[in-house]
Amino acid sequence: MSSSEVYIKKGDKNFLHTYNRFPIVLDHGKGVFLYDADGKEYLDFAAGIAVFALGYGDEIYNNALKRQIDKLIHTSNLYYNGPAVIAAEELCRVTGMDRVFFTNSGTEAIEGAIKSAFKFAYSKEPSNEYEIIAMNKSFHGRSMGALSVTGNSHYREAFGTGLGHIKFAEFNDIESVKKEITGKTCAVILETIQGEGGIYPADPGFLKELRAICDEKDILLILDEIQCGMGRSGNMFAFEEYGIRPDILTVAKALGCGVPVGAFLMTERVAEKSLSPGDHGSTYGGNPLVCAAVATVLDEFEEHEIVSHVRSLTPYLEEKLDELVSKYDIVKERRGKGFMQGLEFTVPVVDIIKECQKNGLLIISAGSNIIRFVPPLIIEKEHIDRMFEILSEAIWIHCQKI
Ligand SMILES: *Cc1c(COP(=O)(O)O)cnc(C)c1O
């Protein structure tokens with residue numbers, strides 16, 4: 001048996017079976033390439049699900065973490081720590097928000113955002129009847145609160161009734177949102193670009209009108225940029241392109257580039273009437289290790305001009321993906337922004353993904369019929385070409401079979 005096979009056999013005996021993992025054991029990485037336990041090389045167009053923006057083995061990032069490990073890893077939030085102070089300052093600056101709370105994951109950032117919205121409304125007028133409007137096809141995480149605003153019944157149906165007071169509207173359909181608004185609506189939550197739901201960017205008209213309605217009725221706009229934020233869309237945050245700003249923002253995935261960290265942020269206006277001492281907390285949240293990562297990631301983004309790199313290479317990526325749309329009947333359409341792209345197929349894509357893996361390319365799906373492209377943000381033209389060759393051949397082989 002190969003090393004990979006030994007690990008897979010052992011893992012399957014002990015892991016709770018919640019993931020249908022591909023039979024690949026990843027061992028180490030360099031730049032935009034990953035290597036399995038037997039030394040096979042893969043070009044990575046998944047980035048650990050839109051996480052590893054800077055690629056693998058970035059020296060400055062790795063050294064910053066190593067230094068912090070030797071200094072101090074954890075303190076709790078009973079005390080201040082330097083890396084958290086610096087990370088908070090930088091994150092507020094790049095988001096344009098005023099206050100930040102660090103979490104350990106995306107789903108926890110959503111929990112915090114939901115609690116913040118309820119508390120804001122409660123401070124104005126105490127009630128337990130406040131409602132939140134979420135979107136169909138959305139994905140916000142797996143904890144009970146985040147699940148309650150996730151607009152995909154398949155994720156929710158076995159797990160009770162959830163939060164309650166959550167209503168669902170159609171993404172990009174302002175009339176459907178208006179229909180759900182009542183005197184008790186305290187917030188609307190949505191992804192600026194829907195990820196798991198199939199890579200759907202918000203329409204500019206929809207988001208602008210939603211912002212205007214929220215302003216008029218003093219409803220908080222919560223934008224979930226856990227996946228589409230941090231440069232991936234070709235802006236540091238996807239909402240920038242729409243000329244609007246959320247009241248509450250959630251960030252995670254690429255924020256720490258691999259260490260478990262997320263954040264929810266808000267404007268001062270919200271913070272003044274929202275969570276106060278005793279309302280929320282986390283033992284690990286914002287510890288020195290993860291915050292050293294966040295501060296370094298934000299520095300590296302500026303140092304390497306990651307956002308303008310994404311922007312300058314996006315037309316080429318889009319051109320190559322559009323070529324697949326025109327070349328193959330089973331490729332229906334391309335959607336997305338920047339390095340967050342989706343190709344919708346008329347058939348399930350799992351066999352195409354497996355064929356790509358055989359030939360050294362990691363890509364992922366978003367739903368059964370959509371291939372999702374969320375590579376490290378440092379990819380170059382040559383990597384797009386290599387991806388195109390492998391994927392194009394995999395699609396061609398699949399067409400011969402059907
Ligand atoms: C991944 C994701 C989450 C959940 O983040 P976790 O870190 O997996 O808990 C929430 N919202 C969006 C948009 C995501 O893509």
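Arg386 forms a salt bridge with Glu389, their closest N and O atoms being 3.0 Å apart; the term stands for a side-chain nitrogen of Lys or Arg within 4 Å of a carboxyl oxygen of Asp or Glu. Both residues belong to helix α14 (residues 381–401), where they are three residues apart, about one turn of the helix, and Glu389 is likewise partly exposed, with a relative accessible area of 47%. Helices (H or I, at least four residues) and strands (E, at least two) are DSSP runs numbered from the N terminus.

The model is a predicted one, in which local features need pLDDT of at least 70 and side-chain atom pairs count only at pLDDT 80 or more, while totals for chains, interfaces and linings use all residues. Residues are numbered from 1 along each chain as its sequence is written, and side-chain values use heavy atoms, with hydrogens and water left out.

The whole structure contains 22 salt bridges. In one of them, the side chains of Glu196 and Arg372 meet with an N to O distance of 2.8 Å. This pair joins distant parts of the chain, since Glu196 is in the loop between β8 (193–194) and β9 (200–201) and Arg372 is in strand β17 (residues 370–373), 176 residues apart. Arg372 is buried, at 3% relative accessibility.

Another salt bridge pairs Arg269 with Asp247, with 3.7 Å between the closest N and O atoms. Arg269 is in helix α10 (residues 268–272) and Asp247 in the loop between β10 (220–224) and β11, so that the pair links parts of the chain 22 residues apart. Asp247 is buried, with a relative accessible area of 5%, whereas Arg269 is partly exposed at 40%. Both residues also belong to a network of salt bridges that includes Lys124, Arg211, Asp215 and Asp218.

## Surroundings of the ligand

A polar side-chain atom of Asp224 lies 2.7 Å from a ligand nitrogen, while a polar side-chain atom of Gln227 is 2.8 Å from a ligand oxygen. In the side chain of Lys253, an N or O atom is 2.7 Å from an oxygen atom of the ligand. On its own the ligand has 380 Å² of accessible area, of which the protein covers 81%, as given by the Shrake-Rupley method with a 1.4 Å probe.

## Cysteines and a positive phi

A disulfide is a covalent bond between the sulfur atoms of two cysteines. With a cut-off of 2.5 Å between the sulfur atoms, the count comes to zero disulfides. For Cys92, the nearest cysteine sulfur is that of Cys291, 12 Å away, and Cys92 is buried at 13% relative accessibility. The sulfur of Cys214 is too far for a bond because its closest cysteine sulfur, in Cys186, is 11 Å away; Cys214 is buried as well, with a relative accessible area of 1%.

Cys257 has a positive phi, near 50 degrees, although the residue is not a glycine. Cys257 lies in the loop between β11 (248–251) and β12 (262–266) and is buried, at 1% relative accessibility.

Note on methods. Polar contact = N/O pair within 3.5 Å; in protein donor to acceptor, adjacent residues only side chain to side chain. Buried < 20%, exposed > 50% of the residue type's maximum accessible area, 1.4 Å probe, protein only.
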